[in-house]
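Dear colleague,

I am handing over the structure below, and after it I set out what was found in it. Please read the notes with the coordinates open beside you.

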Amino acid sequence: MMEISKVDHILRAAGHATGRSVFVLVSSAAIFAWRTAVPPEMAMTREADLFAYDVDPETAEQVADEIDGVLGQSSQFDQTYGYYCDGVGPDTAILPS
C-alpha cells in the first residue's frame with residue numbers, strides 16, 4: 001500500500017539516481033501530492049509513475065530509463081523496500097495546460 005512517506009522516498013531516490021530535482025507524478029500515486037488523507041482504495045498500489053519536468057523529449061526518455069533501471073519493478077530498490085517507480089514520459093498522461 002502506497003503512503004506519502006513512500007512517495008517522498010521515491011522522489012528523493014529518483015533525484016539522486018538522475019540528478020534531477022523536479023518530477024511530475026502521474027497515476028494513482030499523484031493523489032499524495034494533493035491530499036493528506038487518501039482513501040485506502042486509491043492507495044492499493046506498490047508503484048508510482050513519474051517523469052522529469054521541463055526537459056526535452058530525448059532527455060525525458062533517458063531519465064525514464066534511468067528511473068526504471070534503478071527504481072523499477074524487480075530492481076534492488078523494489079526488493080529492498082517493497083515498492084517501486086516506473087519512469088514514464090510526459091505523453092503518458094494527458095495533462096491540463
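Helices here are DSSP runs of H or I with at least four residues, numbered from the N terminus, and it is in this sense that H1 is followed by Gly19, whose phi is positive, near 80 degrees. Please keep in mind throughout that this is a predicted model.

The helix H1

Helix H1 takes in residues 4-18, which makes 15 residues, and from its first C-alpha to its last it reaches 21 Å, close to the 21 Å expected at 1.5 Å a residue. Its buried residues are Lys6, Val7, His9, Ile10, Ala13, Ala14, Gly15 and Thr18. The cover over these buried residues includes strand S1 (23-26), S2, helix H2 (57-71), helix H3 (76-81) and strand S3 (84-87).

The strands

In S1, Phe23 and Leu25 point one way while Val24 and Val26 point the other way, and all of them are buried. S1 pairs with S2 in the antiparallel sense over 4 bridges; among the partners in S2, Ala52 is bridged to Phe23, and Phe51 is bridged to Val24. S2 itself is mostly covered, with 5 of its 6 residues buried. S2 is also joined to S3 by 4 bridges, and these two strands run parallel, with Ala48 of S2 having Cys85 of S3 as its bridge partner.

Cys85, which is found in strand S3, is buried because its relative accessible area is 0%, where the cut-off for buried is under 20%. The C-alpha atoms of Cys85 and Glu47 are separated by 5.3 Å, although the two residues are 38 residues apart along the chain. When its neighbours within four places in sequence are left aside, Cys85 is in contact with Ile10, Ala48, Leu50, Ile67, Asp68, Leu71 and Gly72; of these, Ile10 is one of the buried residues of H1.

The charged residues

How many salt bridges does a search of the whole structure find? The search finds 1 salt bridge, and it is formed by Asp78 with Arg46, whose closest N and O atoms are 2.7 Å apart. Asp78 lies in helix H3 and Arg46 in the loop between S1 and S2, so the pair ties together parts that are 32 residues apart in sequence. The two partners can also be described by their accessibility: Asp78 counts as buried because its relative accessibility is 7%, whereas Arg46, at 34% relative accessibility, counts as partly exposed.

Asp49 deserves a separate paragraph. Asp49 is found in strand S2, residues 47-52, and it is buried yet has no salt bridge. What Asp49 does have is a polar contact of 3.3 Å between its side chain and that of Ser27. With its neighbours within four places in sequence left aside, Asp49 is in contact with Val24, Leu25, Val26, Ser27, Asp86 and Val88, and among these Val24, Leu25 and Val26 are buried residues of S1.

With best wishes

Terms used: Residues are numbered from 1 along each chain as its sequence is written. This is a predicted model: local features need pLDDT of at least 70, side-chain atom pairs count only at pLDDT 80 or more; totals for chains, interfaces and linings use all residues. Side-chain values use heavy atoms; hydrogens and water are left out. Buried means under 20% relative accessible area, exposed over 50%, partly exposed in between (1.4 Å probe, protein chains only). Lys and Arg count as positive and Asp and Glu as negative; His and the chain ends are not counted. A salt bridge is a side-chain nitrogen of Lys or Arg within 4 Å of a carboxyl oxygen of Asp or Glu. A polar contact is a pair of N or O atoms within 3.5 Å; within protein, one must be able to donate a hydrogen and the other to accept it, and residues adjacent in sequence count only if both atoms are side-chain atoms. Contact means heavy atoms within 4.5 Å. The expected span of a helix is 1.5 Å times one less than its number of residues. Two strands pair if DSSP finds at least two bridges between them.
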